[in-house]
Amino acid sequence: MIEGLEAELRAAFAERAHDVPAQVGERLRRIDYRPRSRALSPRMALATGAGLAATGGAVVALVGLGAGTSPAFAGWSATPTRPASGQTTSAQEHCTAQLAGALHPSSNLPAGGWETVLTDTRGPFTLMILRSGGASATCFNGPSFTTVAANSAQTNGGASEHVLSGSSATGAARGSTSVMGLGGSSTGPVGPATQSHLLASGGEPYTFVQGQVVAGVTGVTLARSDGNDVQATVADGSFVAWWPGSVGATSAQVRSSAGTATQQLTFIVPPAGQCTPSPSAASSCANGSASVPGGGGAGPEPEGPLAGK
Amino acid sequence: MMPVMRRPSRGGTRAEFERFVDDCADVLLRTGYLIVWDLAEAEDLVQETLVRVARRWPRVRRMDQPVAYARRILVNLAIDDGKRRSRRRGELEPPDGPLQARADEAAARVFGTLDARAELLGALALLPPRQRTVLVLRYFEDLSEAQTAQTLGCSVGTVKSTASRALARLREALVEPDGVSPAHGDGHLINDTKEPQR
């Protein structure tokens, strides 16, 4: 009887569906799909449709990113994600290899001993803060690129900035960095912090925020000026977050055992010669920058992640 | 299987969409997995589906059944994907039979006769994407023939004939040379077609 096969089919489908690991669904839920909040006007819809038709094969790539997201950052998530198997290890290997391979005698950067103090993963992207002695480095690793910027302590007590390498998709980024909380002027739980508006080599903008928080802070969520939130990764008194686009952060919701507090963030462009803070102890000074020949093909630039301007 | 979505209210667009994803991601994933038979492919398809829904969310959120819209996108993506993979598999495999079937034979030689459930799953894996999709919608999602037709954008008659062909292929695959089905020793596994119990 057909009922027998129906029952078998239902049971077989249920059994196979049961094999789906829960974490796959979790991964899907963590993605920021960026739902459109307003319907397109007819004229806009028509223009968009015509544009999509004209671009043909590019449509799928653009559709897969959600509105306003660059293809270079496909898979980015507003909430830190659990790293895929081997993701952190692979990123760390790329980062330390570039740190070791792109050293220049004048950089004062240590050849080894880099330890990861903070790791932020968002989909396929891994951002690491590393430290070795008095030097610190920020490494941004994605499916097709690794970009490293490092600060080394100087004998004069300052620090210098080194954009060591950039390759492929995001290359050596250029942009501007603004700061808040210089000289201990911050009165809230968020201490010295930097916000960098950067451009990938393909011209795609992205924004990178890192800073320090007081002891006991367990979570930081940054509110952007467009009303969207980005949850930062917090570890050892530091936080870091980044997102595609050039929208800035305006406030931070800070969680601790004492509760939740909101702090307004006011970033300013530091004057020339002013040092910018870094969550990993070292700071960089706009007039103390030095660049080091890069190992990734893109030309080294003094302006990059963490660079003062 | 799919949760019934309430008609969303105005405002809170982003929160509404996140609730929609919370409610539907798992079931879309399972449906996609059963159609394309590959977890990584299914995850990609669901992600693509949700991105497309997000882009049209102001319109989709006003639908009575946003999930039905998402399912329709998923199914169409999955069938297209399945066809591509079938073509690739056809190019790679020798004409004497699919790789999966030969793997099953090898496993059977090693471990003895495959059990009935494994036989059925193996036969399902070899169905053309559209036929497997109809069975998934009818027997996993528990959709009616009319709902299945709406999802696939075809007529009820097409759903009936596709399901009939799919069941016939399963019957052929399951019935052993002596006419006895490994799933049911009485040999009467499939004799007719009938609407699933609703």
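## Helix pair α7(B) and α8(B)

A crossing is left-handed if the near helix is turned anticlockwise from the far one by less than a right angle, and right-handed if clockwise. In this predicted model, the crossing of α7(B) and α8(B) is right-handed. Helix α7 of chain B covers residues 129-139, and helix α8 of chain B covers residues 145-152. Helices (H or I, at least four residues) and strands (E, at least two) are DSSP runs, numbered from the N terminus. The two helices pack at an angle of about 135°, and their axes are 10 Å apart. Axes are lines fitted to C-alpha atoms, for helices over the stretch in contact, and angles run from 0 to 180 degrees between N-to-C directions. Angles under 35 degrees count as roughly parallel, over 145 as roughly antiparallel, 65 to 115 as roughly perpendicular and the rest as oblique. α7(B) and α8(B) are therefore oblique to each other.

Contact means heavy atoms within 4.5 Å. From α7(B), the residues R130(B), T133(B), V134(B), L137(B) and R138(B) meet E145(B), T148(B), T151(B) and L152(B) of α8(B). By class, this contact of α7(B) with α8(B) holds three nonpolar, three polar and three charged residues. Ala, Val, Leu, Ile, Met, Phe, Trp, Tyr, Cys and Pro count as nonpolar, Asp, Glu, Lys and Arg as charged, and the others, Gly among them, as polar.

Helix α2 of chain A spans residues 22-30. α2(A) packs with α2(B) at about 25°, the axes being 10 Å apart. α2(A) and α2(B) are therefore roughly parallel to each other. Their crossing is right-handed.

On the chain A side, V24(A), R27(A) and L28(A) take part. They meet L39(B), E43(B), V46(B) and Q47(B) in α2(B). The contact of α2(A) with α2(B) has four nonpolar, one polar and two charged residues.

## Positive phi in chain B loops

W37(B) has a phi near 65°, a positive value in a residue other than glycine. W37(B) sits in the loop between α1 (13-36) and α2 (39-55) of chain B. Buried means under 20% relative accessible area, exposed over 50%, partly exposed in between (1.4 Å probe, protein chains only). W37(B) counts as buried, at 16% relative accessibility.

D142(B), also not a glycine, has a positive phi near 60°. D142(B) lies in the loop between α7 and α8 of chain B. With a relative accessible area of 26%, D142(B) is partly exposed.

## Strand β9(A) and its partners

Strand β9 of chain A runs over residues 217-224 and is mostly covered, with seven of its eight residues buried. Two strands pair if DSSP finds at least two bridges between them. β9(A) pairs with strand β13 (residues 249-256) of chain A in the antiparallel sense, over seven bridges. V217(A) stands opposite S256(A) in β13(A).

β9(A) also runs antiparallel to strand β10 (residues 229-231) of chain A, joined by three bridges. Here A223(A) stands opposite D229(A) in β10(A). The hairpin of β9(A) and β10(A) has four residues between the strands. In this hairpin, G227(A) takes a positive phi near 90°.

## Chain A overall

Chain A comes to five helices and 16 strands. Of its 309 residues, 46% count as buried. Among contacts in chain A between residues at least 6 apart in sequence, 60% join residues at least 24 apart.

## Conventions

Residues are numbered from 1 along each chain as its sequence is written, while chains are lettered from A and ligands numbered from 1 in the order in which they are written. In this predicted model, local features need pLDDT of at least 70, side-chain atom pairs count only at pLDDT 80 or more, and totals for chains, interfaces and linings use all residues, while side-chain values use heavy atoms, with hydrogens and water left out.
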